[in-house]
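Good morning. I will go through one structure today, piece by piece. Please have a look at it first.

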Amino acid sequence: MSKKKYSKELFLSMYEDMVRIRKFEIKLTECFMKGMLAGNIHTCVGQEATIVGTCYALEKRDFITATHRGHGHCIAKGAKTDKMMAELFGKVTGYCRGKGGSMHVADLDLGILGANGIVGAGIPIATGSGLTSKIKGTDEVTLSFFGDAASNQGTFHESINMASAWKLPVVYLCENNQYGVSVNIKSVTNTESIAVRAKAYNIPGVTCDGNDVLAVFETVQEAVAHARDKKGPSIVECVTYRMRGHYEGDPASYRSKEVTEEWAKKDPIKAFGEKLLEMDVTQEELDAIDAAMDAEIEAAMQFALDSPYPDVSEVTLDVYASDNERSVAR
Amino acid sequence: MSKLSMSKAIREGLYEEMLRDENVIVVGEDMGTMGNPFGITLGFLDEFGPNRVIETPISESSFTGMSVGAAMRGIRPVVELMYVDFIGVAMDPIMNQAAKMRYMTGGQVNVPMVLRAPIGAGRRNAGQHSQCLEPLFTHIPGLKVVAPSTPADAKGLIKAAVRDDDPVIFLEHKLLYAIKDEMPEGEYVIPLGKANVVREGKDVTIITWSRQVLFAKEAAEELAKEGIDVEVIDLRTLVPLDWEAIKASVSKTHNVVVVQEGYKRSGFAGEISSQIMEELFDELDSPVYRVAGLNVVPPFSPPLEDAFFPNPQDIIAGVKKVLEV
Amino acid sequence: MATEIKMPQLGLTMTEGTIAAWLKKVGDPVAKGEPIVEITTDKLTNEIESEVDGVLLAIIAEEGEDVPVQGLVAIVGEPGEKVEVSGEKAEAIATEEAPQAAAAVAVKPVEKSEGGRIKVSPLAKKTAEKLGIDLSEITEITGSRIRKEDVIRYSENKPKTEAAPTASAAVESAAPAPVVAPVAGDIVKPLSGMRKVIGKRMVESKVTAPHVTLTTEANVDKMIALRTKLNEKAKDVRMSYTDMLVKMVATALLHVPMMNASISGDNLILHRDVNIGVAVALDEGLVVPVVKNAERKGFAEISKEAKALIGKARENKLSMDELSGATFTISNLGGFGIDAFNPIINLPESGILGVGRIVRKPIVNENDEIVPGSMMALSLSFDHRVVDGALAAQLLSLIKDYVEDPDQMYM
């Protein structure tokens, strides 16, 4: 790792996004406990290095598909925390006018082809986006986030098989946080890694430390360059850990406290902060980022609280692009 | 006026749309050199190249899902399931992705794709290749559903489906593919959601679609000999439903038989029957009756299969039951 | 050559008419100008006359059926002529054998389900209601439930007039409404179309609009004087008190627009024009022709117009337009010697003024002297959904002011 070739601004920006995601989600957990949030909240606390390292390897014109644990993916790809927060509060000012909620944030202008509530469903969608770039002869790369559990869906095999057969510009990014709800990946999969499956498709497959933002950044950069050069897809596996339950309210009693405590010591934000201090970054600079993020998230929540709910008449709106009224009526 | 079979008519419609709009692509199994088992895409690979004729592996779930992703990016994929029965492995991209994407994103993104799928019994294809399954699609908000009965309609409707910004399920009855009929001259599009009164009558209305339209017309001619004047409505599109056409006809004849090939239980005929009951109750002079396929697995043995789905005699019996004659 | 008899358009607002009664049967000879069928709209009853001499070849629309304007109703032509009926109404083509063939329908008794409930189709039920037929009277049907055809057949075969029902029929027709059994010497007549319409509309008004009636008495000495003066001047018209009241009420309504209004769903429509309906009693019932824009017309013009309308009403020649669009109605029973009465609102209007006779009475004048005066009772019924008592009282007292001193109208 040659840290020298990157600017201090880039590192601070990465750090800021990791803190932004963390504080956004911690705020969500607080709101959830106070009964202010409806529905399910899946946080990615502990996985911020994987998410931020990955998205920093992408260009603005590139596309992603996110998962049900997708707040971080969207924020790292450029989504604003106020519109995100409003969406999660079901307000009309949210990214999807409050109609999608936590699991369905999307913004096509930011290249976010949607978070997805169905495990493994984003993989073929990303593949289709890759196909589009190939058909149109453009050079955007599409990256599909999915978890270790999704790698056991049929769509994983079908999509990567097609993408490799046709050399589609797609990066299949497995966030291996080791649990599909309560089931440890090791108990349902016989291989040491997910990335090893790349051999079956004759494409590159790499596993990296998902709690090291720079390791992720550099690994994904290579995969993105491979795709952009029209050499086809690859699999990148980032090994990390989901620090909280599957969703808020899940005590995660199915896994050992000791293991979780071990992972807590490897907190990606803390680790990256320490690394930055070893370089020419001061504690004051990190504290300033912390304070700025506190203020931003507080303002985002206030924006969400102050925003109106969608008018009830919107309930039948936008089911169809054309002939909506008649198609909804009967 | 030239005559064309329905498979050729659909091919012609797709061909015209691919010429018109370079974003239109076809996706599915055996779409290339073979040109699909029914010749729908014969010659397309040579004409449009492999970038627009996507011959897929047998991966229905992912090539359908892939088409959703491409449609979100502005491509207009026309996906083919070789048989509608295979929807079982490709339902998530249709039901949870294509159908919901616009609504869940607050209107940000459309999924302008067409899913073409052959339907229907009568070819001795047995349990897993003979179903109709319309209600699987009509049940899901966000999908439009089309099922033509003639070559001319099929061409005009496939063009409308390709141009539509919503996901359209286009159901083609296998036993209609070879039937030839007159084709209109020149380029034309038939709008979705418009039914066709294929026979006017005053005593009873038969509402149906796809192959059963042919059977209903046969039944109507037989009944005319007995002095029963039957009106036949070919819905052509199930969603959006042409309620005005249904209402006008029911208000005229006051007696209704809804005919569908698929399983009777929870079929779309039941949906139409309910809507008539809810909104046109006072127009009815008899209970709405459904003539439909049996609630059994499509059998292989020819005499069993023939007993499985409605034929003109069943429709005649249904009409007489309603009119109590 | 066969001639098609169609539903006439009896006014701009008419869109359809209901066949009330056939006055001729298929096969009957008809003369040009002879009425062949009675129709009703929600406003009037009328007869359609044959346009040619010939035979009624076919009845296309049955009694109780709604037919759109210009819709085919019947066909008249040469005896035995074959008729092609185009379009949707290809009803029995009548040749001489036809009626017998129709009569030969296989019938069976009505089946009752457990608990004695009669099975009947929704359309048959609606048709029976329109024709005023008690379903329990129908005993013979062709299928398993009473259908429209059964109702029509029963209606056609039912004795039309003066036929007392048999004892068994009277017992069977145990409808929830009290049944009056006629005794020997009683005359039983079917309700005319107009009576049915009036009945329906009056019931509708009473159950829909909460009525409140305000009553006051007005001294009409000055009004009498004015009328005498106007009638002396005018040569061609003789002004009635009703004519004068039309003008006065119209002027008063300009000041209380809330009473010149109609409820339409969740909205209140405040009418721009003041159109005053004038109730006219006829032998067979009641019609309400309309003086349009009465607020803009003078006494003489109103009087001339009202006379013409009443004349037409008596000859049953009013058009639908002349019967439509009233925003307020006046009903004057003074001519029948009535002191005062509570009129029923003519929906969708919001008020009606009931006018009593003029009677000489002792009254107390401003000097506390008892003097004779000509008094007239004015009763205003209003729809309490639209306005409350105060506003209605304001209207009535304004009318009273004008009646007592017509000059005030111009102030």
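Let me start with a pair of helices: α4(A) and α12(A) are oblique to each other, where oblique is what remains once angles under 35 degrees are called roughly parallel, over 145 roughly antiparallel, and 65 to 115 roughly perpendicular.

Before I go on, this is a predicted model, in which local features need pLDDT of at least 70 and side-chain atom pairs count only at pLDDT 80 or more, while totals for chains, interfaces and linings use all residues. Residues are numbered from 1 along each chain as its sequence is written, and chains are lettered from A and ligands numbered from 1 in the order in which they are written.

Back to the helices. Helices are DSSP runs of H or I with at least four residues, strands are runs of E with at least two, and both are numbered from the N terminus. The axes of α4 (residues 81-88) and α12 (residues 283-306) of chain A come within 8 Å and cross at roughly 45 degrees. Axes here are lines fitted to C-alpha atoms, for helices over the stretch in contact, with angles from 0 to 180 degrees between N-to-C directions.

Which residues in α4(A) meet α12(A)? They are Thr81(A), Asp82(A), Met85(A) and Ala86(A), and their counterparts in α12(A) include Glu296(A), Ile297(A) and Phe303(A). Contact means C-beta atoms, placed from the backbone, within 7 Å. Ala, Val, Leu, Ile, Met, Phe, Trp, Tyr, Cys and Pro count as nonpolar, Asp, Glu, Lys and Arg as charged, and the others, Gly among them, as polar.

Next, chains A and B. Their contact takes 36 residues from chain A and 44 residues from chain B. On the chain A side, α5(A) gives the largest share, 9 residues. By class, that side has 16 nonpolar, 13 polar and 7 charged residues.

Last, chain C. Strands pair if DSSP finds at least two bridges between them. β2 (residues 16-22) and β4 (residues 35-40) of chain C pair antiparallel over 4 bridges, and Thr18(C) has Thr40(C) as its bridge partner. β4(C) also runs antiparallel to β5 (residues 45-49) of chain C, joined by 5 bridges; there, Thr40(C) stands opposite Thr45(C).

Elsewhere in chain C, 6 strands form an open sheet of mixed pairing, in the order β11-β20-β19-β18-β14-β17. β11 and β17 of chain C each have a single partner strand, so one side of each is left without a neighbour in the sheet.

Notes. Contact = placed C-beta atoms within 7 Å.
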